[in-house]
Amino acid sequence: MASGCGCGGGNGGGGGCGSSAKAAPVTAAVAEVEPVQYAPAQAAPEAVAEAPELIASSEQEWPIISVNGVSITPQAMAQELQYHPAESREDALYQAARALVIRELLQQRIAELGLSLQVGAGENEEEAATRLLLEQEVQVPQCDEATCLRYYESNRARFHSAPLLAVRHILLECAPDDAEARSLAHVQAELLLERLDQFPGSFAELAQKYSACPSKEQGGSLGQISKGQTVPELERQLFALPAGLCGKPLESRYGWHVISIDQRIDGQPLPYAAVATAIRTQLQQGVWQRALVQYLQTLIGAADVRGIHLQGADSPLVQ
């Protein structure tokens, strides 16, 4: 049962080691092409290497960047900025400029090869062309069975079914920034624990009377909880508890919780056959991302990119 306080409860719980992953988008790999710094367009290469800096000194100024003679316009950078949230405008700007440089390099390579488009469902012409380019030029070796089995044997602790907890709680609600209310709620939680020590069967009655969670209508029961169904700070504490009444209140962003673990079902080791597909997908995703980064570095190394310094490769890295 999902509750309004964020303590997600429900029957059952997901098991296994994760879902199948899709091929990484180009924008994900772009983030791994590093280091990246802005450099004044007029500076000599030696000066760039020693003291790279951002051309723009205000929000009305933009770096002067070109890719094989094609300029990255301020309008394009301004539009791209919205997709690159960062702590500062400079960080967002260099991420946006980097993405635009990679995009321009890919478009130029597509034009150079004269690829004929086959637009698939849910994609536009640019996405279709980029997909076709990467399928043709990024050759990724397949992970064999021996590699997957070796990974499984080396990481057995990761492959367990999800643990399940049957949980009841009493939420003494208070705002995260109200220190006085937090202190009073903690005292009240301690008093409720003393009462439960004396009268173990009174949990449902106390939940109905004092809890601020909708689960009070079920005696405080959250049903069966698996990982990911409640807020992280409470989850970390819950899954470390043994069965029984927790001897101290647990704190979360919602307040203080009096907790009872009515049943604990620990995760069981999963056989290789149950996780082989997920392992292969995970390993293949890593191989794909490394190959894509290497391919992008090769494009950068062969291009005349001005106004921004990107790490490139002088020779092809993808065999």
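Author: Start with a definition. Rings of Phe, Tyr and Trp pair if their centres lie within 6.5 Å, with the six-membered ring taken for Trp. Planes over 60 degrees apart count as edge-to-face. Note also that this is a predicted model.

Now the rings. The structure holds three aromatic pairs. One of them joins Tyr151 and Phe159. Their centres are 6.4 Å apart, and 65 degrees separate the planes. This pair is edge-to-face, because planes over 60 degrees apart fall in that class. Tyr151 is buried. Phe159 is buried too. Ring pairs also build a cluster, whose members are Tyr151, Tyr152, Phe159 and Tyr272.

Other rings carry a charge over the face. Take Phe203. The charged end of Arg168 sits over its ring, 4.6 Å from the centre. Then take Phe239. Lys227 lies over the face of this ring, at 5.6 Å from the ring centre.

Next, helix H10, which spans residues 272-302. Gln284 is found in this helix. Its relative accessible area is 16%, so Gln284 is buried. What does Gln284 touch, not counting residues up to four places away in sequence? The partners are Val140, Pro141, Gln142 and Cys143.

Move to helices H4 and H5. H4 covers residues 89-113 and H5 covers residues 125-137. Their axes are 10 Å apart, and the packing angle is about 75 degrees. The two helices are therefore roughly perpendicular to each other. H4 brings Arg103, Leu106, Gln107, Arg109, Ile110 and Leu113 to the contact. From H5 come Glu126, Ala129, Thr130, Leu133, Leu134, Gln136 and Glu137. By class, the residues of this contact are six nonpolar, three polar and four charged.

Last, the loop between helix H3 (74-80) and H4. His84 lies there. Is His84 buried or exposed? At 15% relative accessibility, His84 counts as buried, because the cut-off for buried is under 20%. Its contacts, leaving aside neighbours within four places in sequence, are Ala92, Gln95, Ala96 and Ala99.

Conventions
Residues numbered from 1 in each chain as written. Predicted model: local features only at pLDDT ≥ 70, side-chain atom pairs only at ≥ 80, totals over all residues. Heavy atoms only, no water. Axes fitted to C-alpha atoms, helices over the stretch in contact; angles between N-to-C directions. Helix = DSSP H or I, 4+ residues; strand = E, 2+ residues; numbered from the N terminus. Parallel < 35°, antiparallel > 145°, perpendicular 65-115°, else oblique. Contact = heavy atoms within 4.5 Å. Nonpolar A, V, L, I, M, F, W, Y, C, P; charged D, E, K, R; others polar. Phe/Tyr/Trp six-rings, centres within 6.5 Å; stacked < 30°, edge-to-face > 60°. Buried < 20%, exposed > 50% of the residue type's maximum accessible area, 1.4 Å probe, protein only. Lys NZ or Arg CZ within 6 Å of the ring centre and 35° of its normal.
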